[in-house]
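Here are my notes on the model, as numbered points. Please read them with the structure open.

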Amino acid sequence: MAARLGLSEASLRRHMASNGTSFSALLSDVRMTQALALLQSTDLSINRIALEVGYASPSKFAARFRDRFDVTPSAIRSGALIRSGQDLIG
């Protein structure tokens, strides 16, 4: 990622730290946002979505998803929620 931005890894870490974030937090947020979009727009199984966004363990994926959005992936998939995806991301 640093090379794509034209920065050294140390510079990227400093910039991220000055903004109060880390690469792992950013990566997790990107993965969860992508997972939410896949749950809402595809028929892929939750296990397949977990793999698609970089989790080898569907149970760890579900736990991280629940921590991030305060709802389970299966609740999103079942359409039980009336909140919009934007409400979840924000």
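1. Start with helix α5, residues 58-69. Its 12 residues reach 16 Å from first C-alpha to last, close to the 16 Å expected at 1.5 Å a residue. That expected span is 1.5 Å times one less than the number of residues. Helices here are DSSP runs of H or I with at least four residues, strands are runs of E with at least two, and both are numbered from the N terminus.

2. A word on provenance. This is a predicted model, in which local features need pLDDT of at least 70, side-chain atom pairs count only at pLDDT 80 or more, and totals for chains, interfaces and linings use all residues. Residues are numbered from 1 along each chain as its sequence is written, and side-chain values use heavy atoms, with hydrogens and water left out.

3. Which residues of α5 are buried? They are F61, F65 and F69. They cover an arc of only 40 degrees around the axis, which puts them on the same side of α5. The arc is taken over the directions from the helix axis to the C-beta atoms. Buried means under 20% relative accessible area, exposed means over 50%, and partly exposed lies in between (1.4 Å probe, protein chains only). An α-helix has 3.6 residues a turn, so residues three or four places apart point the same way.

4. Now the other face of α5. Turned away from the buried side, it carries the exposed residues S59, K60 and D67. Just after the helix, D70 takes a positive phi of about 60 degrees.

5. The core comes next. The largest nonpolar core has 15 residues, and F61 and F65 touch the most other members. Helices α3 (23-41), α4 (46-52), α5 and α6 (73-78) each supply at least two of its residues. The largest share, 5 residues, comes from α3. Such a core is a set of buried Ala, Val, Leu, Ile, Met, Phe, Trp, Tyr and Cys residues joined through side-chain atoms within 4.5 Å.

6. How many salt bridges does a search of the whole structure find? It finds 3. The criterion is a side-chain nitrogen of Lys or Arg within 4 Å of a carboxyl oxygen of Asp or Glu.

7. D29 pairs with R68, with the closest N and O atoms 2.9 Å apart. D29 lies in α3 and R68 in α5, so the pair ties together parts that are 39 residues apart in sequence. D29 is partly exposed at 30% relative accessibility, and R68 is partly exposed at 27%.

8. The other two salt bridges are within helices. E52 and R48 approach to 2.6 Å between the closest N and O atoms. They sit 4 residues apart in α4, about one helical turn. E52 is partly exposed at 38%, and R48 is partly exposed at 40%. E9 and R13 have their closest N and O atoms 3.9 Å apart. Both lie in α2 (residues 9-18), 4 residues apart, and both are exposed.

9. Finally, the whole protein. It has 7 helices and 0 strands. Buried residues make up 24% of its 90 residues. Of the contacts with a separation of 6 or more, 42% are between residues 24 or more positions apart.

Terms used: Contact means heavy atoms within 4.5 Å.
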